[in-house]
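Me: Could you walk me through reading the packing in this one? I'd like the general idea before each case.

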Number of protein chains: 2
Amino acid sequence: MSDLRKKIIQTALPLFEAKGFHGVSVNEIVEQVGTSKGGFYHHFSSKDELLFVIHDTFISYVLENAEKANAEFNSPTDKLQAIVRSFVKVFDLYKPHISVFYQEHIYLRPAYELQIKQKRDQFKQIIMQAIEEGKQCGEFRQDISVEITGMAILGMVNWTYKWYQREGVKTIEEIGDIFVDLILHAILHERFLDQNAFASILLSQK
Amino acid sequence: MSDLRKKIIQTALPLFEAKGFHGVSVNEIVEQVGTSKGGFYHHFSSKDELLFVIHDTFISYVLENAEKANAEFNSPTDKLQAIVRSFVKVFDLYKPHISVFYQEHIYLRPAYELQIKQKRDQFKQIIMQAIEEGKQCGEFRQDISVEITGMAILGMVNWTYKWYQREGVKTIEEIGDIFVDLILHAILHERFLDQNAFASILLSQK
DNA sequence: TCATACAGACCAACCAGTCGGTTTATCGTG
DNA sequence: CACGATAAACCGACTGGTTGGTCTGTATGA
């Protein structure tokens with residue numbers, strides 16, 4: 001990929017994050033980059049395409065990782081753990097992307113929106129399926145709602161983009177561990193919850 | 001409050017929710033309402049004020065409820081339960097407000113932004129304090145991080161605005177119950193987690 | 001008569017996107 | 001290596017359209 005294209009994306013990202021898609025004009029972007037309107041529109045067909053590219057790089061990465069984790073592990077507990085851990089890490093790598101993703105998705109043109117939605121739904125499906133499996137094979141509690149629990153987990157993790165800071169007291173890995181701990185305490189079947197069994201499950205993944 | 005002012009807010013809300021603050025022009029709003037630019041600017045000093053009012057009605061309501069719940073109960077478990085339950089209910093009452101709140105807050109002018117941020121921080125503080133108390137008095141696990149757990153709970157609940165639908169299979173009260181159940185399983189001290197003790201805590205609130 | 005409520009033509013500012021033109025890199029050929 | 005040609009990369013003045021906000025005027029009710 002061309003250098004200028006990369007530089008435009010890198011420059012636009014924090015601007016969008018801070019001021020929103022409509023708070024930043026193309027003129028402002030090209031000025032910051034040190035290029036021109038011509039340069040911009042040589043690499044992007046529209047301002048919307050820039051927005052789409054930002055969305056897509058993030059969601060593609062997340063989906064890929066989730067599919068890997070999903071394929072690698074067998075037990076639902078291990079699967080869910082791996083998915084959550086890798087998902088949380090993304091918030092360190094792609095925080096600006098994610099902020100833009102969740103704040104500005106309304107402004108995506110329908111054709112773009114559709115592509116993004118498909119990948120997002122796939123990702124959601126992977127999580128829901130892991131919970132469903134865990135319920136059926138008895139690792140998770142029988143009395144949890146798959147749908148609501150899935151959305152609760154998604155919400156808990158997704159919300160990280162609102163508050164996570166690289167300079168904070170906890171590293172992203174620590175945050176991931178805490179999330180996994182909370183989730184497993186919340187949904188694991190009682191028989192796995194005594195100290196030793198639980199510790200061994202937690203450690204099995206590290 | 002004047003009828004027209006109310007009607008403008010009610011009309012603008014779903015428009016902002018669907019198309020975003022910048023996707024809806026003042027002309028479009030006044031056309032839908034059946035009034036004129038003059039009518040609009042007689043009641044609002046700017047388009048931004050309309051955005052602020054939407055933010056403020058929601059966050060003020062949430063904060064008020066949380067303060068009530070906080071004052072009414074003594075044990076941290078009861079407090080946290082009541083706060084979460086009342087918070088979740090808000091997503092049924094104020095869903096459009098909340099969508100706008102989380103999607104368009106970047107576009108608030110600094111002076112408005114500051115007012116909103118203060119109330120939001122107060123609310124956050126109430127939750128954090130409840131968790132801290134629960135830890136100290138032994139109702140909650142000793143090994144949880146107050147900050148991260150608090151943000152996890154906030155995220156789980158806040159994210160509801162992305163998926164909750166009034167016509168869905170679960171009512172908002174049921175969703176609230178599930179959230180409380182997940183949270184308490186995740187953070188309650190083990191000694192409260194055997195079936196009977198837990199059921200009694202859950203029921204004590206209903 | 002006077003203030004409040006509303007109407008709607010109007011304006012300055014801004015913005016995404018275009019387009020003719022210029023520079024720079026690439027490469028085949030003698 | 002030199003040279004010319006072809007295309008890709010980039011420049012920036014310009015435009016058509018839209019937007020938030022203003023201002024003068026009118027109607028209504030106390």
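This is a predicted model: local features need pLDDT of at least 70, side-chain atom pairs count only at pLDDT 80 or more; totals for chains, interfaces and linings use all residues.

Me: What does B:F179 touch?

Reply: Contact means heavy atoms within 4.5 Å. Not counting residues up to four places away in sequence, B:F179 touches A:I148 and A:A152, plus B:V84, B:V88, B:M156, B:V157, B:T160 and B:W163.

Me: At what angle do helix 7 and helix 8 of chain B cross?

Reply: Helices are DSSP runs (H or I, at least four residues), numbered from the N terminus. Axes are lines fitted to C-alpha atoms over the stretch in contact, with angles from 0 to 180 degrees between N-to-C directions. Here helix 7 (residues 110–136) and helix 8 (residues 146–158) of chain B cross at roughly 125°, their axes coming within 9 Å. That makes helix 7 of chain B oblique to helix 8 of chain B (under 35 degrees is roughly parallel, over 145 roughly antiparallel, 65 to 115 roughly perpendicular, the rest oblique).

Me: How many residues of helix 6 of chain A are buried?

Reply: Buried means under 20% relative accessible area with a 1.4 Å probe, protein chains only. In helix 6 (residues 95–103) of chain A, 7 of the 9 residues are buried, among them A:H97 and A:F101.

Methods
Residues are numbered from 1 along each chain as its sequence is written. Chains are lettered from A and ligands numbered from 1 in the order in which they are written. Side-chain values use heavy atoms; hydrogens and water are left out. Helices (H or I, at least four residues) and strands (E, at least two) are DSSP runs, numbered from the N terminus. Buried means under 20% relative accessible area, exposed over 50%, partly exposed in between (1.4 Å probe, protein chains only).
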